[in-house]
Amino acid sequence: MALTLEQKQKVVAEVSEVAAIAYSAVAAEYHGMEVSQMTELRNRAREKGVVLKVVKNTLAKRAFEGTKFECMSDSMTGPLLLAFSMEDLGSAARVIYDFSKENKALETKLVSVGGELFGPNELERVSKLPTRDEALSILMATMKAPVTKLARTMKEVPGKFVRTVAAVKDAKDAA
C-alpha cells in the first residue's frame, strides 16, 4: 500500500523528531524475522527506552538531514529497522546486540554514535558502554579512592603504635 504525500511527511517528521534528540542509532536488517519475534523486540526496546522505527530508506534519509545521523544516509540499503537510544548512548546497541544473539535473522548493518558512523563489528563495543548511573558510580569511586586510601594510611600509624605497645606489654607479662 503506497503512502500519500501527507503520510510520508508525517513519517519524516516523526523520525526527524526522534533523531534530533536521540544519543545513538543502530540500523539492522530484519528480513526473515517473524511477527512474534518483532513484537518481542519492540517490547524489549520499550522497556529500555529505545525507539524502534521501520521506515523506507528514502524517508529515513530525508528525516536524517540536519541531524547527527546524516552520516548513515549513504549506507542505508535493504529493509532496515532503526533503533534510537533515548536514555543513554548504548541502550539501542544493547537491545539489538542481545536480541541478535538469540535471533540470527536480525543482522546489524550500521551503528552511529555522536555523528560518527561505525560498522556492524562495533555493535558489541557500543553495547558495553556504561549507562549514566554506571558512569556516575565509576566516577565517584575513582574520586573517592585517594581519600579512602589516605584515611586508611593515617589510621594505620596509631594502630601500629597500639599493636607495638600491646606486644611489649604481652612480652613483659610473659617474662
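Two strands pair if DSSP finds at least two bridges between them. The views below come from a predicted model.

**View 1. Strands β4 and β5 form a hairpin.**
The strands β4 and β5 run antiparallel, joined by 3 bridges. Between the two strands lie 2 residues. Gly114 sits in the turn, with a positive phi of about 60°.

**View 2. Strand β4 is largely enclosed by the rest of the structure.**
Strand β4 covers residues 107-113. Of its 7 residues, 5 are buried, so the rest of the structure largely encloses this strand. Buried here means under 20% relative accessible area. β4 also pairs with β1, in the antiparallel sense, over 6 bridges. Look for Ala27, which stands opposite Leu110 in β4.

**View 3. Five strands make an open sheet.**
Read the order of the 5 strands as β2-β3-β1-β4-β5. Their pairing is antiparallel. Which strands are the edge strands? They are β2 (50-54) and β5 (116-118), and each pairs on one side only. Neighbouring strands in this sheet are turned by 20° against each other on average, direction ignored. In a regular strand, side chains alternate between the two faces of the sheet.

**View 4. Strands β1 and β3 pair inside the order of the sheet.**
Strand β1 spans residues 24-29, and strand β3 spans residues 80-85. They pair in the antiparallel sense over 6 bridges. Val26 has Ala83 in β3 as its bridge partner.

**View 5. Helix α1 packs against helix α3.**
Helix α3 holds residues 57-64. The axes of α1 and α3 are 8 Å apart, at an angle of about 50°. That angle makes α1 oblique to α3. Their crossing is right-handed. From α1, the contact uses Lys8, Val11, Val12, Val15, Ser16 and Ala19. From α3, Leu59, Arg62, Ala63 and Phe64 meet them. What kinds of residues make up the contact of α1 with α3? There are 7 nonpolar, 1 polar and 2 charged.

**View 6. Helix α2 crosses helix α4.**
Helix α2 runs over residues 35-47, and helix α4 over residues 91-102. Their axes come within 10 Å and cross at roughly 150°. Why does α2 count as roughly antiparallel to α4? Angles over 145 degrees count as roughly antiparallel, so the crossing of roughly 150° puts α2 and α4 in that class. α2 passes α4 in a right-handed crossing. On the α2 side are Gln37, Glu40, Leu41, Arg44 and Ala45. They meet Val95, Ile96, Asp98, Phe99 and Glu102 in α4. The residues of this contact divide into 5 nonpolar, 1 polar and 4 charged.

**View 7. Lys101 is found in helix α4.**
Is Lys101 buried, exposed or partly exposed? Its relative accessibility is 47%, so Lys101 counts as partly exposed. Now find Val126. In sequence, Lys101 and Val126 are 25 residues apart. In space, they are 15 Å apart, C-alpha to C-alpha.

Notes. Residues are numbered from 1 along each chain as its sequence is written. This is a predicted model: local features need pLDDT of at least 70, side-chain atom pairs count only at pLDDT 80 or more; totals for chains, interfaces and linings use all residues. Side-chain values use heavy atoms; hydrogens and water are left out. Axes are lines fitted to C-alpha atoms, for helices over the stretch in contact, and angles run from 0 to 180 degrees between N-to-C directions. Helices (H or I, at least four residues) and strands (E, at least two) are DSSP runs, numbered from the N terminus. Angles under 35 degrees count as roughly parallel, over 145 as roughly antiparallel, 65 to 115 as roughly perpendicular and the rest as oblique. A crossing is left-handed if the near helix is turned anticlockwise from the far one by less than a right angle, and right-handed if clockwise. Contact means heavy atoms within 4.5 Å. Ala, Val, Leu, Ile, Met, Phe, Trp, Tyr, Cys and Pro count as nonpolar, Asp, Glu, Lys and Arg as charged, and the others, Gly among them, as polar. Buried means under 20% relative accessible area, exposed over 50%, partly exposed in between (1.4 Å probe, protein chains only).
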